[in-house]
Amino acid sequence: MLELSERHQISPALILAVVEMESSYRFTVVSSAGAVGLMQLRPTTAKYIAQRYKVRGYRSEADLRNPEINLRLGVAYLAHLRRQFGHSLHYLAAYNVGPTALKKRLNAGRYELGSLDSYVRKIHGRTRELQGGRVGNKFPRLIREQALYASSI
C-alpha cells in the first residue's frame, strides 16, 4: 500500500480510513449496490479505472475480492477523483455517491454536502487519528492484522 500511496500521492492513513469506512477491512464484502471488496468498487468503475490507468490484474468482478487488485484500483480511483474535484471534501463525497451525482449537485448550485458531510467528516477524522499513531485498541486484532497486510501490498 505504501507504494500505491507514493505513486498517487495519497496519504496511507487516508487510504486506510476509506477502506475502514467502506468495508471495515473485509475484502470479500459486497454491498447492496454491487460494490465489492476493501474499497467497495463497482465492477463498471473498476473496469474503467483499470483500462484508463492500465491497472494490471483486473479481468472480472471476481478480481475485486483480491485485496491487492482492489487496493490498486481503489487508490487509482481516489487519485482520479482528486484530479476531477480537487478538494478532499468533494472527491471523497464523489467516492461515496459517484462523480456524476456529485457533479449534478454542484452544477445545480447545491454545495452543501448534506448527508455526505458525515461520511467525509468520519474519513477525515479517522485519517487524523491514523496519522497521529493513535490506533491503539481501536482495531480488533484481526482488523489490525489485515491493515498490516494491506500496508505491505
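Before I turn to individual residues, one term is needed: two residues are in contact when they have heavy atoms within 4.5 Å of each other. Please also bear in mind that this is a predicted model.

Let me begin with the overall arrangement. The protein has 8 helices and 0 strands. Of its 153 residues, 47% count as buried. The accessible surface amounts to about 8300 Å², and carbon and sulfur atoms account for 51% of that area. As for sequence separation, consider the contacts between residues at least 6 apart: 50% of these join residues at least 24 apart.

The largest nonpolar core comprises 44 residues, and Val18, Met39, Leu73, Leu78, Leu92 and Tyr95 have the most contacts inside it. Two or more residues each are supplied by α2 (12-23), α3 (43-52), α4 (67-85), α5 (88-97), α6 (99-107) and α7 (116-131). Helix α4 provides the largest share, with 10 residues.

Leaving out residues up to four places away in sequence, Met39 touches Val18, Val19, Glu22, Asn70, Leu71, Gly74, Val75, Leu78 and Tyr95.

Finally, I come to Ser23, which lies in helix α2. Is Ser23 buried or exposed? Ser23 counts as buried, because its relative accessibility is 0%, and the cut-off for that class is under 20%. Which residues does Ser23 contact, once neighbours within four places in sequence are set aside? They are Val29, Gly37, Leu38 and Gln40.

Thank you for your attention.

Technical notes
Residues numbered from 1 in each chain as written. Predicted model: local features only at pLDDT ≥ 70, side-chain atom pairs only at ≥ 80, totals over all residues. Heavy atoms only, no water. Core = buried A, V, L, I, M, F, W, Y, C linked by side-chain atoms within 4.5 Å. Buried < 20%, exposed > 50% of the residue type's maximum accessible area, 1.4 Å probe, protein only. Helix = DSSP H or I, 4+ residues; strand = E, 2+ residues; numbered from the N terminus. Areas by Shrake-Rupley, 256 points an atom, 1.4 Å probe, with all protein chains shown as cover.
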